[in-house]
Amino acid sequence: MELFELLKALLLGFVEGMTEFAPVSSTGHLIIVDDMWLKTEEFLGNYPAITFKIVIQLGSILAVVVVFWKRLFSLVGLYKIDGQKMNKRFNLLHVIVGMLPAVILGFAFKDLIDDYLFRVETVIVALVAGAILMIIADKFGPKKPRVQSLDQISYRQAFTVGLVQCLSLWPGFSRSGATISGGVLFGMNHRTAADFTFIMAVPIMMGASLVSVMKNWEYMSMDHISFYIVGFLSAFIFSLISIRFFLKLISKIKLVPFAIYRIILAVILAAIVFL
C-alpha cells in the first residue's frame, strides 16, 4: 500500500481519536474528512471502508480501557479500589442499567437508523440539537451537584442518563455529548458524568464494533491490513491523549464551548453540502 494511503489512515485515526470521546461528534468529523475529502471508499471499496471505521473505533475503545483499567477491572472483581465499601460503590449493575435503554432501542431500530439517519443532512441537524442540549445542561443543571464521584451515582441516575444516551443513536448527536449532558442535568458534576460516559462506552462500543466486524469479515483483505493497523494505532494513541486532556478540561470549561464549536461545525458542513 502506498505511503499516501497510509497517511490517510493515520489522519483518519487522528480524527477518530480526537473526537470520539469529546462531545463534538466523531461522525460529523469523519464525514467532513473522509466522505468529502479523503474518500477512502474509492480505493478500499464500500464494505472495507466501513470495516476500517469500525477497526479504528476499537483503537479508541482500547484507549479507554487503558485509562480506566482500575475501575473496569473492579467492575468484574479483578481489582479492589481502596476505601470502597461494597454496599456503596460503583458496580457493574450501574453500567448495565445505564446502557440497557440504548442497547434495546439500537437493536430495535438499527435498520431504520442505517437507512434514514446516516445522511449528511441529518447529521447537521443532530450537531445543532446536541449543542442545544449541552447548553441547556450547563444552564439548568444544579449549581452544586450532589454527585461528586462515580461511587455516589444511584441506579436511578444511571438509568436516566441511559435514557438520554438513546439520543446518541442519531448519528451526529454524540454519545458523550448526550450522556454528559444527561449526567449534569440529573445531579452529577461534569467530571463524574464524563467518567461514567467513558466507562459505559466500553461495552456498548465494543459490542457494536465486534458485531459489525463479524458482519463485514468477508470483506477484509490482507491487501488492506497495513491500512487497518496504521488507523488502529493512530486512533489508540490520539484517543489516549484526548481522553486525558478532556478529563482535565471538562471541569474547567464545561459544555458550552463544545456546543458553540458544534454549531460552527454544522454551519461549515451545511455550507459544504448546500452551497
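The model is predicted, so local features are reported only at pLDDT of at least 70 and side-chain atom pairs only at pLDDT 80 or more, while totals for chains, interfaces and linings use all residues. Residues are numbered from 1 along each chain as its sequence is written, and side-chain values use heavy atoms, with hydrogens and water left out.

Helices here are DSSP runs of H or I with at least four residues, strands are runs of E with at least two, and both are numbered from the N terminus. Two packed helices are described by the angle between their axes and the distance between the axes. For α6 (residues 92–116) and α10, the angle is about 35 degrees and the axes lie 9 Å apart. Axes are lines fitted to C-alpha atoms, for helices over the stretch in contact, and angles run from 0 to 180 degrees between N-to-C directions. The crossing of α6 and α10 is right-handed; this term applies if the near helix is turned clockwise from the far one by less than a right angle, and left-handed if anticlockwise. Contact (heavy atoms within 4.5 Å) is made on the α6 side by His94, Val95, Gly98, Met99 and Lys110, and on the α10 side by Phe196, Ile199, Met200, Pro203, Ile204 and Lys215.  These residues divide into 7 nonpolar, 2 polar and 2 charged. In this scheme Ala, Val, Leu, Ile, Met, Phe, Trp, Tyr, Cys and Pro count as nonpolar, Asp, Glu, Lys and Arg as charged, and the others, Gly among them, as polar.

Buried means under 20% relative accessible area, exposed over 50%, and partly exposed in between, with a 1.4 Å probe and protein chains only. Beyond its neighbours within four places in sequence, phenylalanine 196 touches Phe90, His94, Gly98, Leu150, Ile153, Ala158, Val161 and Met188.

Helices α8 and α9 also hold buried residues. In α8 (residues 155–165) these are Gln157, Ala158, Thr160, Val161, Gly162, Val164 and Gln165, and their cover includes α6, α7 (120–140), α9 and α10. Helix α9 is mostly covered, with 9 of its 11 residues buried. Those residues pack against α7, α8, α10 and α11 (225–253). After α9 comes glycine 187, with a positive phi near 100 degrees.

The cavity count comes to 1 at 30 Å³ or more. On a 1 Å grid over the protein atoms alone, a cavity is a set of points where a 1.4 Å probe fits but cannot get out, and lining residues have an atom within 4 Å of a point. Glu20, Phe21, Arg175, Ser176, Thr197, Phe198 and Ala201 line the largest cavity. Helices α9 (175–185) and α10 (190–215) each give two or more residues to this lining, and α10 gives the most, with 3.

Finally, the backbone deserves a look. Most residues other than glycine have a negative phi. Serine 25, in the loop between α1 (3–19) and α2 (26–38), has a positive phi near 80 degrees. At 3% relative accessibility, serine 25 is therefore buried. Lysine 39, in the loop between α2 and α3 (41–44), has a positive phi near 50 degrees. At 33%, lysine 39 counts as partly exposed.

Notes. 1 Å grid on protein atoms, 1.4 Å probe; cavity = no way out; pocket = protein on both sides within 12 Å on 5 of 7 lines; lining within 4 Å. Points joined across faces, edges and corners; volume = space filled by probe spheres on them.
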